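Dear colleague,

I am passing on the structure below, and I would be glad if you could look through it with the notes that follow it.

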Amino acid sequence: MRMKQLLTSFVVGASAAMTFSTAFAADMTGAGATFPYPIYAKWAEAYKASTGNGLNYQSVGSGAGIKQIKAKTVDFGASDMPLKAEELDADGLMQFPAIMGGVVTVVNLDGIAPGQLKLTGQVVADIYLGKITQWNDAAIAALNPGVKLPAAEITVVHRADGSGTSFLFTDYLSKVNPEFKTKIGAGTAVKWVTGVGGKGNDGVAANVQRIKGAIGYVEWAYAKKNKIAHTQLKNKDGNYIQPDDDNFKAAAANAEWTKTPGFGVVLTDQAGKTSWPITGVSYILMHKQQADANKGKEVIKFFDWAFKNGDAAATELDYVPLPDTVVKLVQGSWKANLKDASGKPLN
């Protein structure tokens, strides 16, 4: 209930920001990933209360967010798939990490408690390849001795829009299942061979809730908010683990931020006995040269405020705040890359 109120207030606040844009010149616009939407909503609500400046963030998926920032229709874009250095340079963009979290597999099965079912990446990939079609298939039963699995058809649910959540999910499955890599591969939008689509994390969550026997993938906050049964996953070290912020942190512990152009680390299938296998980073995209310096400065102020004041809210929603060392690197990248129309640094 609290999350529903929060998201509603964010949408209302966003509408107000658009309606009264002349009165609040510093209000920002952003668009993209649904993965970080719950925490951006919470940060925006607190930032508005603290500063009076609003954020209109459109939770439309990473693919749409990338398109909108390239078209300069928003002040920042958001993507859970990092852009490569060549693409950033070609479009005059910079990117920086804002938050980390986990993607989880969720199911709708009678008699199966949240976190009870065990799955491996290999089996999940075979389900999404259409090779495993029944919940009592021998491959699933072998992972879950003593669990009464229904003789029910599996309905695969996937994203219908360009999605960073899909990128993280398909990148992981491509790493653990060679056939998945060959036939489907990793990307924000892939050609699925089976299943039904849902728009955004909310759309996938709604379809899984609606369809008995369904399996889908969503950001952890959406699974918790909608009270959908998640599964355990076997990680690279061979351990079955539950999703939580400590396990997301474990996966992020060895990220090589300084060695990766544009901070573009991918945290799927990381080694470590407690590393959650589908952990990801959500990125912010901005034009290096800001046509409206005031808007650019406000975006920086918002994320700087979030880095300094938003960790508790992030942890409450089971996201992983950036380490202080990474925040300092990000702040340095702002000074080095963001300029006004005349070429002067924004801050």
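In what follows, a residue is called buried when its relative accessible area is under 20%, and exposed when that area is over 50%. By that cut-off Asp-318 is buried, because its relative accessible area is 9%. Please keep in mind throughout that this is a predicted model.

To begin with the overall picture, the protein has 14 helices and 14 strands, and its C-alpha trace spans about 65 × 40 × 35 Å along the principal axes. A compact globule of 347 residues would have a radius of gyration near 20 Å, and the protein, at 20 Å, agrees with that. Buried residues account for 56% of the 347, and of the contacts between residues at least 6 apart in sequence, 76% join residues that are at least 24 apart. The accessible surface amounts to about 14200 Å², with 52% of it belonging to carbon and sulfur atoms. As for charge, the mean position of the 36 positive charges and that of the 31 negative charges are 1 Å apart.

The aromatic residues deserve a paragraph of their own. A search of the whole structure finds 18 aromatic pairs. In one of them, Tyr-37 and Tyr-57, the ring centres are 6.2 Å apart and the planes stand at 25°, so the pair is stacked. Since Tyr-37 belongs to helix α2 (residues 37–51) and Tyr-57 to strand β2 (residues 55–59), this pair ties together parts that are 20 residues apart in sequence, and both tyrosines are buried. Phe-307 and Trp-334 also form a stacked pair, with 6.1 Å from centre to centre and 10° between the planes. Here the pair ties together parts 27 residues apart in sequence, because Phe-307 lies in helix α12 (residues 293–309) and Trp-334 in helix α14 (residues 324–337). Phe-307 is buried at a relative accessible area of 9%, and Trp-334 is buried at 1%. Both pairs are part of one aromatic cluster, whose members include Tyr-37, Tyr-57, Phe-307 and Trp-334 as well as Tyr-40, Trp-43 and Phe-96.

Which residues of α5 are buried? Helix α5 (residues 121–128) is mostly covered, with 7 of its 8 residues buried, namely Gly-121, Val-123, Val-124, Ala-125, Asp-126, Ile-127 and Tyr-128. Just after this helix, Gly-130 takes a positive phi of about 80°.

Lys-227, in the loop between α10 (220–225) and β9 (229–230), has a phi near 55°, and at 75% relative accessibility Lys-227 counts as exposed. Asp-318, in the loop between α13 and α14, has a phi near 65°, but is buried, as noted above.

The loop between α13 (311–316) and α14 also holds Val-320, which counts as buried at 3% relative accessibility. Leaving aside neighbours within four places in sequence, Val-320 is in contact with Ile-99, Met-100, Asp-245, Phe-248 and Lys-249. By contrast, Val-320 and Trp-135, which are 185 residues apart in sequence, are 33 Å apart in space from C-alpha to C-alpha.

With best regards

Note on methods
Residues are numbered from 1 along each chain as its sequence is written. This is a predicted model: local features need pLDDT of at least 70, side-chain atom pairs count only at pLDDT 80 or more; totals for chains, interfaces and linings use all residues. Side-chain values use heavy atoms; hydrogens and water are left out. Helices (H or I, at least four residues) and strands (E, at least two) are DSSP runs, numbered from the N terminus. The radius of gyration is taken over C-alpha atoms; the globule rule is 2.2 Å times the number of residues to the power 0.38. Buried means under 20% relative accessible area, exposed over 50%, partly exposed in between (1.4 Å probe, protein chains only). Contact means heavy atoms within 4.5 Å. Accessible areas come from the Shrake-Rupley method with a 1.4 Å probe; for residues, only the protein chains shown count as cover. Lys and Arg count as positive and Asp and Glu as negative; His and the chain ends are not counted. The place of a charge is taken as NZ of Lys, CZ of Arg, CG of Asp or CD of Glu. Rings of Phe, Tyr and Trp (its six-membered ring) pair if their centres lie within 6.5 Å; planes under 30 degrees apart count as stacked, over 60 as edge-to-face and the rest as tilted.
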